[in-house]
Amino acid sequence: MPILRNPDSLRNWRQQQRGSLALVPTMGHLHAGHLALLRLAQARAEQVLVSIYVNPLQFGPEEDFASYPRTLESDLQQLAEHGCTTVFVPSDDDLYPRGAAEQTQVVPPERLSSILCGTQRPGHFTGVATIVLKLLHLAQPDILVLGEKDYQQYRIVGQMLDDLNLPVQLLCGPTQRDGDGLARSSRNSRLTSEQRILAPRLATELRQLCQLPVGSLVQAPARDARERLQAAGFAVDYLELRNSESLEPVSEIRPGARWLAAARLGDVRLIDNMVIP
Ligand code: AMP
């Protein structure tokens with residue numbers, strides 16, 4: 001499995017490729033969610049490129065950039081075992097030679113990026129949009145594969161592809177969960193054993209909210225769910241029903257609307273979302 005370590009080697013590799021290419025960007029510490037995206041990419045394109053890069057630009061100064069789990073050797077082994085054809089593993093100096101602060105940045109529309117996770121993580125989606133655009137320019141893929149778990153990210157990147165006229169098809173892989181419902185995440189490995197037992201309650205609340213009758217008002221049940229989570233030990237950043245396209249608030253239960261939540265257990269921030277069937 002070729003491991004490309006810098007932009008030049010990626011460009012050279014790309015120039016030699018024939019056939020369709022799907023890109024799966026990740027920050028590593030791979031789990032079943034990432035591997036499901038790899039399988040989706042393999043089913044849709046002749047070549048698959050997985051990138052592994054913990055992007056400093058999308059972390060705030062108080063966030064977990066330094067403690068984000070980095071397990072490159074076992075990531076590479078998992079990718080090879082799952083038939084991944086090529087991996088891009090750049091360094092900070094390769095992608096931000098003048099430093100991240102000096103980087104030209106892509107600012108997504110306020111309407112999508114200042115809400116939900118953008119409220120607690122100012123600048124986060126600018127960092128995400130910037131790295132995704134850099135990766136698209138370097139890899140020139142036909143298909144970009146993202147996960148539904150990071151739904152706001154998926155919507156913002158989709159909007160960027162449209163707004164900047166990028167000829168890339170966006171695919172969304174469904175959220176992969178542990179047996180108890182917890183959405184797989186690299187950050188789950190930082191939960192203590194007590195927090196790990198509590199963590200699936202976030203998904204349980206969302207699942208129950210998705211079962212409310214169509215037409216019922218959401219304010220009271222959303223508040224009750226937030227209160228139950230807080231009582232259990234979560235610090236809830238948000239738990240809200242939104243339009244799946246525009247991400248605007250929705251006040252009554254409607255098929256296709258989406259519950260989105262972020263909540264912290266200690267210093268581990270969990271996010272999850274579910275669509276009303
Ligand atoms: P990350 O490494 O957390 O930046 O995630 C890389 C990609 O994997 C993103 O497109 C995520 O949305 C996706 N992803 C992360 N967790 C899951 C999951 N549990 N199920 C499906 N996709 C996921």
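## A tour from the ligand outward

Start at G147: one of its backbone N or O atoms lies 2.9 Å from an oxygen atom of the ligand. That is a polar contact, meaning a pair of N or O atoms within 3.5 Å; within protein, one atom must be able to donate a hydrogen and the other to accept it, and residues adjacent in sequence count only if both atoms are side-chain atoms. The protein covers 94% of the 480 Å² of accessible area that the ligand has on its own. Such areas come from the Shrake-Rupley method with a 1.4 Å probe; for residues, only the protein chains shown count as cover.

Before going on, note that this is a predicted model: local features need pLDDT of at least 70, side-chain atom pairs count only at pLDDT 80 or more, and totals for chains, interfaces and linings use all residues. Residues are numbered from 1 along each chain as its sequence is written, and side-chain values use heavy atoms, with hydrogens and water left out.

**Stop 1: the ligand shell**

Select D150. A polar side-chain atom of D150 lies 2.7 Å from an oxygen atom of the ligand. Now select R184. A polar backbone atom of R184 is 2.9 Å from a nitrogen atom of the ligand.

You get 17 residues, the closest being H34, G147, D150, Q176 and R184. By type, the shell holds 6 nonpolar, 8 polar and 3 charged residues. Here Ala, Val, Leu, Ile, Met, Phe, Trp, Tyr, Cys and Pro count as nonpolar, Asp, Glu, Lys and Arg as charged, and the others, Gly among them, as polar.

Which elements each supply at least two residues of the shell? They are β2 (21-26), α2 (32-44) and β5 (143-147). Helices (H or I, at least four residues) and strands (E, at least two) are DSSP runs, numbered from the N terminus. The largest share, 3 residues, comes from α2.

**Stop 2**

Select α2. This helix has 13 residues and reaches 19 Å from first C-alpha to last, close to the 18 Å expected at 1.5 Å a residue. The expected span is 1.5 Å times one less than the number of residues. Colour G33, H34, L35, A36, L37, L38 and A41: these are buried. Buried means under 20% relative accessible area, exposed over 50%, and partly exposed in between (1.4 Å probe, protein chains only). The buried residues of α2 pack against β2, β3 (47-52), α3 (72-81), β5 and β6 (169-173).

Step back to H31, in the loop between β2 and α2. Is H31 buried or exposed? H31 counts as buried because its relative accessibility is 14%. Its side chain reaches the backbone nitrogen of G33 at 2.9 Å. Leaving aside neighbours within four places in sequence, H31 is in contact (heavy atoms within 4.5 Å) with R184, S185 and S186.

**Stop 3: helix α8**

Select residues 151-163, helix α8. Of its 13 residues, 10 are buried, so α8 is largely enclosed by the rest of the structure. Among the buried ones are Y151, R155 and M160. After α8, find N165, whose phi is positive, near 55°.

**Stop 4**

Select A231 in helix α11 (residues 219-232). A231 counts as exposed because its relative accessibility is 71%.

Finish at P249, in the loop between β7 (235-242) and β8 (258-265). P249 is exposed, at 62% relative accessibility. Not counting residues up to four places away in sequence, P249 touches L241 and R242.

Definitions and conventions: A residue is near a molecule or strand if one of its heavy atoms lies within 4 Å of it.
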